[in-house]
Amino acid sequence: MKVSDFDFDLPEELIAQTPLKKRDTSRFMVLNRKKQTIEDKYFYDIIDYLHEGDILVRNNTKVIPARLFGIKEETNGHVEVLLLKDKGNDIWECLVGNARIIKVDTIISFGGILKAKCIEVRDEGIRIFQMMYNGIFYEILDELGTMPLPPYIKEKLEDQNRYQTVYAKIAGSAAAPTAGLHFTDEIIEKIKAKGVDILDVTLHVGLGTFRPVKVDDVNDHHMHSEFYMIDEDVANQLNKAKENHQRIISVGTTSTRTLEANFRKYGKFKATSENTDIFIYPGYQFEAIDALITNFHLPKSTLLMLISAFAGKEFVFNAYQHAVEERYRFFSFGDSMMIL
């Protein structure tokens with residue numbers, strides 16, 4: 001299977017640059033795998049596709065202001081650092097722009113209140129840093145950092161909260177789980193009132209989710225690992241839902257990867273805090289989820305491969321062609337899709 005098999009032509013003007021004024025007014029394409037139908041709706045219509053007894057699983061991770069601009073102490077050279085993963089004890093895995101100038105023992109200073117000392121050099125621009133500061137790290141980050149918007153978004157984001165879900169809770173992501181950006185508090189209350197249970201898992205979005213695929217053969221791509229958590233109560237409710245044949249609907253590819261990785265590893269849902277590098281592409285047999293809510297993804301991305309695995313590549317590409325023709329908005333601030 002070639003990565004080029006997952007390429008498609010996307011007019012640049014369809015890449016959404018700003019979020020809509022109201023989250024739930026985005027367009028909403030509904031794909032039915034069994035009937036092979038495509039419907040054009042709006043996100044607030046999601047209520048019509050959820051039933052009493054359904055389980056909706058969302059990723060409650062919170063995006064941190066993970067992009068930092070600093071100075072290399074030896075040379076005063078400018079360095080951009082993207083925080084990817086908290087490894088504990090103030091050690092962070094980071095993606096560094098112009099990484100070749102950052103070697104072991106290099107120190108980068110950020111605003112005089114935070115320093116990062118390189119303690120390990122890894123491939124593809126990854127560096128491991130020991131953070132040095134006084135006070136509370138996340139408070140310092142709020143002062144120094146900026147929201148890590150994807151490179152295809154050129155417009156300035158006026159309200160930083162629009163790159164967070166309304167239910168974001170646990171800080172740690174370098175990117176938003178964007179399928180959740182369409183939900184409002186009002187829609188969530190309507191969903192609960194319909195008898196749908198909403199459960200939270202956490203996957204801190206890192207390089208694994210948005211790293212471009214640089215190989216020709218899909219099988220040669222290795223996913224960067226990301227940290228996820230499922231608590232005891234959520235695992236128990238998910239297992240009960242499986243026993244009762246209730247639909248488990250994941251909000252986004254990150255929730256999907258969390259559930260599938262966990263179920264595949266343990267043969268059931270199990271409370272855990274660990275890393276996953278699960279890579280889902282056509283040929284994968286889904287065991288955890290029954291339906292999926294997602295956005296429209298980049299050509300040749302692992303996210304497009306995941307939904308192609310879930311709905312069938314030909315059906316997904318027909319839907320994407322339809323989305324282009326109907327002028328849907330693509331990527332992070334774009335429109336949404338539900339695959340039944």
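Residues are numbered from 1 along each chain as its sequence is written, and side-chain values use heavy atoms, with hydrogens and water left out. Because the model is predicted, local features need pLDDT of at least 70 and side-chain atom pairs count only at pLDDT 80 or more, while totals for chains, interfaces and linings use all residues.

Start with the strands. Helices (H or I, at least four residues) and strands (E, at least two) are DSSP runs, numbered from the N terminus. Two strands pair if DSSP finds at least two bridges between them. Strands of a sheet pair through backbone hydrogen bonds, either parallel or antiparallel.

An open sheet of 9 strands has mixed pairing. Its order is β2-β1-β17-β16-β14-β3-β12-β13-β15. β2 and β15 (272–276) stand at the edges. Each has a single partner strand, so one side of each lacks a neighbour in the sheet. On average, neighbouring strands here are turned by 25 degrees against each other, direction ignored. Inside the sheet, β16 and β17 pair in the antiparallel sense over 4 bridges. There, I293 stands opposite M338 in β17.

A closed barrel is also present. Its 6 strands run β5-β6-β7-β10-β9-β8, with antiparallel pairing. The twist averages 45 degrees from one strand to the next. Strand β5 (residues 67–72) is joined to strand β8 (residues 107–110) by 2 bridges, and the two run antiparallel. I71 stands opposite S109 in β8.

Now the helices. Axes are lines fitted to C-alpha atoms, for helices over the stretch in contact, and angles run from 0 to 180 degrees between N-to-C directions. Contact means heavy atoms within 4.5 Å. Helix α4 (residues 232–243) lies across β3 (55–59), β12 (197–203), β13 (226–230) and β14 (248–251). Its direction is about 125 degrees to β12.

Two packed helices are described by the angle between their axes and the distance between the axes. The axes of helix α5 (residues 252–266) and helix α6 (residues 302–311) come within 11 Å and cross at roughly 65 degrees. T253, T256 and R257 in α5 meet L303, L306 and I307 in α6.

α6 also packs against α7, at an angle of about 120 degrees and with their axes 7 Å apart. From α6, the contact uses L304, I307, S308 and A311; from α7, it uses K313, F315, V316, F317 and Y320.

Helix α7 (residues 313–325) has 13 residues. The expected span of a helix is 1.5 Å times one less than its number of residues. For α7 that should be 18 Å, and its end C-alpha atoms are 18 Å apart, which agrees. Buried means under 20% relative accessible area, exposed over 50%, partly exposed in between (1.4 Å probe, protein chains only). The buried residues of α7 are F315, V316, F317, A319, Y320, H322, A323 and V324. They pack against β1 (27–32), β2 (37–42), β16 (291–295), α6 and β17 (336–339). Just after α7, R327 takes a positive phi of about 60 degrees.

Finally, look at H182. This residue lies in the loop between β11 (170–173) and α2 (185–193). H182 counts as buried because its relative accessibility is 4%. Leaving aside its neighbours within four places in sequence, H182 is in contact with R23, D24, S26, F43, N295, G334, D335 and S336.
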